[in-house]
Each structure stands twice: as C-alpha cells, then as structure tokens.
Amino acid sequence: MKNDLYPKIKVPKIRPHIIRKIVAAVFMFYFFLALGLNIYLGGKPWCLYVLFSQWVLYKSYVTWDLVENNFISRWFSVVFPVCALLLTVQMIETSVRWASTIVVPLLYLISLLILCIVFICKFESQKSALLPIIKITSGSFLALLVGVFIIGNISFFNLIFIFSSTLIVTAGIIWFRKPLAAELKKKFHS
C-alpha cells in the first residue's frame, strides 16, 4: 500500500555541519601555508593577519551559537574578532597606534550603545540575553585594562568608553533590577 498522504522528506545532500568542517579545513590549510611562507621568507609574523582574518570570516558567516543565538550574541561574535584583528595589526606593525587608542574603544562603545538600545526597547524578548551582555561588558573591561596597563595606551576614547560603559551598566542594573534578579535566579538555579 502506497502512502501519498505525506510528501517525501528531502534530505539535503550536503549538511551545514559538513560545510563548516570543510571551510575550517580549507582555512587551516591556508593558514599553515601562510605560516610556512612566513617562516621561509622571514620578517614580521604576517601569517597572524591571515589567521585573524579567517577567524572574522568564520565567526561572521560560517558558524553561529546554538544556545545563546540572539542579536546581541551574534553582534559581538563579529565585533570581537574584528577588534582582535585590529589589535593584532597594532602589535605587529609597531608604528600603528590607532587601533587600541581610537578604533577599538569607539567600536566597543558604539556596540555597547546599540546593544543597550536593543536591550531596553525589546526587554521582554531580550532579557534572556543578560549573560551575553555581562560577558561582553566584562570582556570589554578586560580588553581595556590590558590596553591601558599592559600596552600602556590610555586615550580620551578609552576614558569615554570606561565612563560610558560604567554608566550604562549601572543605569541598567538600577532600572531593571527586579527583572534582572529574576532572570539571574533562573539562569543560576539549575
């Protein structure tokens, strides 16, 4: 007896996890090729440019979070590798000082403001994004501390970022203290 009631399930020929593995293998091949060329030719470690550029592409287009897959997590899964690439350029090219003093703090400040606007305007749907915001803010403070105390770069933009992010986080905690306490209780209860 033939069942024509339900259509046949079409299984894709290439599944997304296989594509991610193939892209990762291609990226690793080209990184090791660049590393070998860099060692053979000598000079500055420009192969790190290749590595971080591939990381930006991989995090932006190929992979995504399965658990905390929301706008805030996706936004910073792109912003963080871009900032890491810019700081890598600064570490390799010693004449470059704009990455840690201007671009990265401004990028984090603009990102933090955008995320706060999204978080406040869509609080009910975004309150599950509390932990990514805490991780993002903590990571931003850690990056700034590394930039200020280890690299020794403190600029006007770093100070603006520190002040603004402290103000935003404090205002958010005061404004949403009851819902945030309930959400934290849910997150850490189990």
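Biologist: Leu86 is found in helix H3, residues 71-92. What makes a stretch count as a helix here?

Modeller: A helix is a DSSP run of H or I with at least four residues, a strand a run of E with at least two, numbered from the N terminus. The chain has 8 helices and 0 strands. One caution: this is a predicted model, with local features needing pLDDT of at least 70 and side-chain atom pairs 80 or more, while totals for chains, interfaces and linings use all residues. Numbering starts from 1 along each chain as its sequence is written, and side-chain values use heavy atoms, without hydrogens or water.

Biologist: Why is Leu86 called buried?

Modeller: Its relative accessible area is 18%. Buried means under 20%, exposed over 50%, partly exposed in between (1.4 Å probe, protein chains only). Leu86 therefore counts as buried.

Biologist: Which residues does Leu86 touch, beyond four places in sequence?

Modeller: Trp98, Ala99, Val103 and Val104. Contact means heavy atoms within 4.5 Å. Leu86 and Val103 are 17 residues apart in sequence, and their C-alphas are 8.3 Å apart.

Biologist: How do you know how many disulfides there are?

Modeller: A disulfide needs a pair of cysteine sulfur atoms within 2.5 Å. By this rule the count is 0.

Biologist: Are Cys47 and Cys83 buried or exposed?

Modeller: Cys47 has 4% relative accessibility, so it counts as buried. Cys83, at 2%, is buried as well.

Biologist: What is the span of H1 set against?

Modeller: The expected span is 1.5 Å times one less than the number of residues. H1 has 26 residues, and from first C-alpha to last it reaches 37 Å, close to the expected 38 Å. Just after H1, Gly42 takes a positive phi of about 75 degrees.

Biologist: Which residues of H1 are buried, and what covers them?

Modeller: Phe27, Phe31, Ala34 and Asn38 are buried. Their cover includes helix H2, residues 47-62. An α-helix has 3.6 residues a turn, so residues three or four places apart point the same way.

Biologist: Why is Val26 called partly exposed?

Modeller: Val26 lies in H1, residues 16-41. Its relative accessible area is 38%, so it falls in the partly exposed class. Val26 also belongs to a nonpolar surface patch of about 940 Å², with Ile18, Ile22, Phe29, Tyr30, Leu33, Leu37, Tyr40 and Leu41.

Biologist: And the chain overall?

Modeller: Of its 190 residues, 31% count as buried.

How values were computed. Patches are made of residues with over 30% relative accessible area and no salt bridge: like charges are joined within 9 Å, nonpolar side chains (Val, Leu, Ile, Met, Phe, Trp, Tyr) within 5 Å. Accessible areas come from the Shrake-Rupley method with a 1.4 Å probe; for residues, only the protein chains shown count as cover. A salt bridge is a side-chain nitrogen of Lys or Arg within 4 Å of a carboxyl oxygen of Asp or Glu.
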